[in-house]
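Have the model open as you read.

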Amino acid sequence: ENAVSSNDSTDVVLDNSYSSVNLELEVDDIEHYCSDHLYNVENIEDSYLTDSSVYNRSPDLSSTDNDSPPSFSSSSNSDESSHEENNEEVPTIREKLQSWAVKFRSNLTIETIDSLLDILHSENIDGLPKSAVTLLQTKTDKNIKLMMSSKNTNGSYVYFGLESGLKRIITNEFTENTIRLLFNIDGLPLYNSSSQQFWANLGLILHSKYESQPFIVAVYSGDSKPQNADDFLEDFIKELKTLIENGIIINERVFNVEIVGFSCDTPARSFIKKCKGHGGFYACERCETRGKTRNKRRIYPSINSRRRTKRSFKNQRQVEHHLGRSPLLDIPNFDPVKSVFLDSMHLLYLGIMKWILQQLIGANKRVNRKCKLSRRNIRHLNLKLKLLGRFVPKEFQRKKFDFDEFSHWKATQFRFFLLYCGVLVFRKMLPKQMYQHFLLLVVACRILCNPELCVEYTNYARQLLVKFFELLQHFYGSDSQVMNSHNIIHLADDVDQTKTNLCAISAFPFENCLGKIKRLIVGRNNPLAQLVRRMSEQKACTEVIKKNAIRKKKQLVINPLHANQDVLKNIILHGVELSATTPNNIVKLNNNKILSITEIRKEQQGIFLHGFMFKDVTDAFTYPCESTKVGIMKLGLLSRQKTIISIDNFKNKCVLFKDNHDTFAKMEQDTFEKDTTHVEVQFNEKSKDGKKIIDLVPVAWVYQNDKQLFCKYPTKKKEYNNLNEMCKTSAAYGSFWKSFEVTIIKEAGNYNQGIRRMEKAFSDKVVQSNDNYSIHSNDHMQQNLASDHSTSSGSSIVHSFIKKKSLKRFRNHATSSSSSTTSSPTSTYQNLSSATTKIIKLQNKKIQSPTNIKLNALQRSNNKKAQTSSNVKKMKPCRTCGCTCSSGTSALETVTKAHLESTRRSIEYRITQEAKITRHLFAAHNNVGDIEKIMQDEQINDMPKLNLEDFQDFDTLLKTDLELIKKLKCFMMINIKSGMKVTENLTAVIPRIMSKDVQLLYSAFGRETNGSKKLNFSATQTYKYLLEVITTKDPGLKIKDISSQLSRWFSGAKDREGGKKERQYYKMMKSSNSNNTENKNE
């Protein structure tokens, strides 16, 4: 994962038009939110621009854009740079050699460096040591101590120190008085074929105006994680307490130390907090919900459970959640519940986004047919992603998006898909409601990752995430609400706690640091000792210390090679690179307009951007809010008037996606069938011999410009070798392929069908009437094709295939036909007829019922027997013309009993399938209801009711408030599933309406329980509507059975949510205390 991927202020621009004039784009920008608008997919054009203002990498996510940004002049920057160069000391040959050796230490051995030093000594170069150990100043740390692993095996541990790490990083350039620290604890596998691993404790200084690199605090090495978190964190917490209480002195300055929190994945959070892992019944770290088991998976559907607090965590109010006392409680002024963050890298990108794509493309082991896309849509989606990858700017280092390598995708790729390109590629790929459900996640994540909006609209983002989680089961199955999905309803709490966006507290920089640590380890012998030696070498290297030191963020950086030029090739402004070439030339200005840069000029007054503005900015979608509020816009045409803008007006960088498929998509709606994947094209340009060329290409290679069809095709002979494979897999065309005018002959639903139709293109016109394939082509094109066949010989047609080296699949036909120099179209057909399929065409026949078909079949069978008995010899139809006699008389169709039986089975199968689809639609309607309506409805506030008075007031309102009744029924319709047990449906609904304390005051019919009088739940309005919804869902249920299950449910309320275990625990404690008292008395 790249550190630059945490830079979430990049505006994204999606441009889908092929030409550079008719551009329609989609930009992402966010100021307000609105949830009252409906989503209208028809109003969205085929071009998009998304402006998600290259999300500033400032760790605390305070915006780096001021209301009055400073102006930058070339003279001031050049003076500063020259002043810095004069102050720098020129390094000696020894320092240069030491810096080189440390930089490439993982690729160099001691013997190699010693040999180099011997050569330099032989050349009489002074000032160099004789050995590599002296040059690198390698030292061995004797503080490595023994620590047991969780497998009860020996491991090793070394503590580098928190204070020493800060002293190496903090310089006089850091002018703040407080050091804010973010920590990360994570495992690092060292080898592919071994369980040896590191568990590293890393620290990072957070500040919006400064850049810093993570540093190592402590490292454990073993075959599994440490056995005890207390031993692993003992030295760290001891020193951290001292620094928080007394501060730290660096360069005769006293700094206060403040801990922001820990950013870890789920296993690491469970380890340092000593709580249940992600598969436990009481695994949630933020609420006290209890999990359920469904389809052998643990799910957590509750959203209104009691929240955990520092006090409840310290007192272990829910005993089942804890595995012991966490050492984090010893840190002063630290909340182990709110300050141990749900890392967005692992939760959102490697978690939710990866899981959604796995479900859609079927990459998971357990494929959910309910949400999996068709193969055609997956190929189309993969092709779109391949084409979008070339428009990813330099800020994102991983630019390849290919489902064939999906298992190797990194977090930065999933992050880019979720925040930037997912809205575009899914727009016409997913069903409307599923696409809207995906938009809930996109909009919420863009708000929480935006430095300007995350604090102001946190509550709105939280509501969207809760709604996304509630509807998850309707689209991805009842077992989809696992812990990873449940945690997203608590994700907005981290923004509330830190007042920063999620990218500032993500684990991206720590993952980069772990990768560097892994590269320092060469062999398998004692990896921790190797790390200690490499760290001692880096501490002794001046160049490395300067590189890792904290420094101020530079507002403007100009390449020194271009500093004296009037036209600049590129600049780095606010941490992003701008240039005059795509994809780094689209920017958003302070007035929210979009500029396409064509030139960057340096003048006496400063640096100016030359380019063209986009005219119109509209919404790409309106659900759950207008897309322009979250930085996703649709742009109009480019203005023809050139604009000159100072860099003082720069706000964000944008990412522009050009989607060349949209022009074809419009053409496809009017010209092609829905399932067309390949097309047979005839090139208007003839070969050198004057022959017309025909080939089979994917539809993505064809586009329309000025009402003329063009096809991308290679021109180099080297590229022909891979052309068949590229066509078969519908791969993206090459960047340097040329465009050729073409005419569409035929279409195909897949590659193999296209091959068969290519063969039929050279057969007689009779073959073109095959009804087994729905040929959807222009009559004019068919006439042209027929005329071409009638005027060219068979050898000429075959010769056109031989001229195309890409068409190796027809080499057999070329061989069989090359023997005849001239032939008629009929002879050509006869030579190639072996490759065609036999056609049995039924004409002027009405579809009959299966009974009539059987009767007709018997009648025809009797007629056939009669003909046989009268010694009438049946003539086989000619394979060329279909005649039954040598005179060429047209033969009547021959329908046998086998044909009729096959037709009957086909009709019965289709009726069965239609019935299944109908039943499925009714079932989906009963289970889901009007989801679009539910998604727009607001939730019922203040649920569940925590005391009796509130519940009785709520129940009283149900007698008069029609709107509340409507919301309650919708709520019950969502959560009650037909076909499930009554107790499961009651558990899904009642705890969300009344808390456990209120449940204990009621019984089903007001009967006494254990001598205590209970209130009558059946007399409430809530019971009335609950009974109505349950009987509607399952009409076969009897009222008596529902009443019986309701009585048992209320009687077991005290044992629910761990109540039985809690009572047993208190009973055991009471008995032990009584025994102790008796022992003392004795």
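The partner of D330 is R325, and their side chains meet in a salt bridge with N and O 3.2 Å apart. R325 is partly exposed too, at 45%. A salt bridge here is a side-chain nitrogen of Lys or Arg within 4 Å of a carboxyl oxygen of Asp or Glu.

Before going further, please keep in mind that this is a predicted model, in which local features need pLDDT of at least 70 and side-chain atom pairs count only at pLDDT 80 or more, while totals for chains, interfaces and linings use all residues. Residues are numbered from 1 along each chain as its sequence is written, and side-chain values use heavy atoms, leaving out hydrogens and water.

The structure holds 19 salt bridges. One of them joins R462 and D496, at 2.6 Å from N to O. This pair links distant parts of the chain, with R462 in helix α13 (residues 458-470) and D496 in helix α16 (residues 492-498), 34 residues apart. D496 is partly exposed, at 31% relative accessibility.

What about E285 and R269? Their closest N and O atoms are 2.9 Å apart in a salt bridge. E285 sits in the loop between α7 (266-273) and β12 (292-294), while R269 belongs to helix α7, 16 residues away. Both ends are covered: E285 is buried with a relative accessible area of 6%, and R269 is buried with 3%. Elsewhere, R105, R534 and E537 are linked in a network of salt bridges.

Now step back to the whole chain. It contains 36 helices and 33 strands; these are DSSP runs numbered from the N terminus, with helices (H or I) of at least four residues and strands (E) of at least two. Of its 1082 residues, 50% count as buried. Among contacts between residues at least 6 apart in sequence, 71% join residues at least 24 apart, where contact means heavy atoms within 4.5 Å.

The accessible surface of the chain comes to about 53800 Å², and 48% of this belongs to carbon and sulfur atoms. Such areas come from the Shrake-Rupley method with a 1.4 Å probe, and for residues only the protein chains shown count as cover.

Technical notes
Buried means under 20% relative accessible area, exposed over 50%, partly exposed in between (1.4 Å probe, protein chains only).
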